Amino acid sequence: MVLLENDSFLTELTRLFQKCRTSGSVVITLKKYDGRTKPMPKKGYPESFEPADNKCLVRASDGKKKISTVVSTKEVIKFQMAYSNLLRAHIDGLKKKDKKSKSKKTKATQ
Amino acid sequence: MPYYQTWEEFARAAEKLYLADPMKVRVVLKYRHCDGNLCIKVTDNAVCLQYKTDQAQDVKKIEKLHGKLMRLMVSKETHSGAMETD
């Protein structure tokens, strides 16, 4: 699992989307993160860890390649804007609902 | 593992589940361009909520919910609705 900076993560995520256009899926996972880097201590051992409250972990994978990044409050605004644009730009293969009066218009293909 | 039929219900249930225990909940988004569908799942490893769509109009809704949950996760607030604008 590769831990990247926010910008590199977005670049790699773009690449994942491009790679999976012909086959495969892109899976993105979002989870709150409290900043721990050491494993949870066993019972009876003192937990000498101060959980941070302002981070989240974003992971992405195409089944083979895995990438991840940590986003904190300071970066979230920038990251979220870029991330939303990315999703909207790449998740475009879905059906467009157009049951309105457009079907009444006859397409003039003369 | 039920798939919700309406986005409204899913979004409400998802946010409620997250607020119940933020540390436990994860959000998974799966996009298949070749099949043309998008699936979103919110779970705390006990309850699992899912929504699947192949409609372009849902992409914006899903992406907004994703952003909302992301912002909730990084905010120090213990309740939602408090959006700091500075």
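Tutor: Helices are DSSP runs (H or I) of at least four residues and strands are DSSP runs (E) of at least two, both numbered from the N terminus. The model discussed here is a predicted one.

Student: What pattern does chain B follow when it is read along the sequence?

Tutor: With helices and strands assigned in that way, chain B has two helices and three strands. Read along the sequence, the elements of chain B give the pattern α-β-β-β-α.

Student: Which residues of chain B does UniProt list for "domain: SRP9", and how far apart are the end C-alpha atoms of residues 5-73?

Tutor: The UniProt record, an unreviewed entry, lists residues 5-73 of chain B for "domain: SRP9". Over these residues the chain is 46% helix and 29% strand, and the end C-alpha atoms are separated by 26 Å.

Student: How many aromatic pairs are there over all chains, and what is the angle between the planes of Phe17(A) and Tyr31(B)?

Tutor: The count over all chains comes to seven aromatic pairs. Phe17(A) and Tyr31(B) form a tilted pair, with 5.9 Å from centre to centre and 50 degrees between the planes. Phe17(A) lies in helix α1 (residues 6-19) of chain A and Tyr31(B) in strand β1 (residues 26-32) of chain B, so the pair joins two chains. The values asked for are therefore seven pairs, and, for the pair that joins two chains, an angle of 50 degrees.

Student: Are Phe17(A) and Tyr31(B) buried or exposed?

Tutor: A residue counts as buried when its relative accessible area is under 20%. Phe17(A) has a relative accessible area of 3%, and Tyr31(B) likewise comes to 3%. Phe17(A) is therefore classed as buried, and Tyr31(B) also counts as buried.

Student: Is the pair of Phe79(A) and Tyr83(A) stacked or tilted?

Tutor: Phe79(A) and Tyr83(A) are four residues apart in helix α2 (residues 73-90) of chain A, which means that about one helical turn separates them. Phe79(A) is buried at 2% relative accessibility, and Tyr83(A) is buried at 1%. Their ring centres are 5.7 Å apart with 10 degrees between the planes, and this pair is stacked.

Student: What span should the 19 residues of α2(B) have, and how far apart are its end C-alpha atoms?

Tutor: The expected span is 1.5 Å times one less than the number of residues. For the 19 residues of α2(B) the expectation is therefore 27 Å, which agrees with a separation of the end C-alpha atoms of 28 Å.

Student: Over the ring of which residue does the charged end of Lys52(B) sit?

Tutor: Lys52(B) is 40 residues in sequence from Arg12(B), with 16 Å between their C-alpha atoms; Arg12(B) is exposed, with a relative accessible area of 56%. The charged end of Lys52(B) lies 5.3 Å from the centre of a ring, and that ring belongs to Tyr3(B).

Terms used:
Residues numbered from 1 in each chain as written. Chains lettered and ligands numbered in written order. Predicted model: local features only at pLDDT ≥ 70, side-chain atom pairs only at ≥ 80, totals over all residues. Heavy atoms only, no water. Phe/Tyr/Trp six-rings, centres within 6.5 Å; stacked < 30°, edge-to-face > 60°. Buried < 20%, exposed > 50% of the residue type's maximum accessible area, 1.4 Å probe, protein only. Lys NZ or Arg CZ within 6 Å of the ring centre and 35° of its normal. UniProt positions renumbered as here; feature names shortened; annotations may be inferred.
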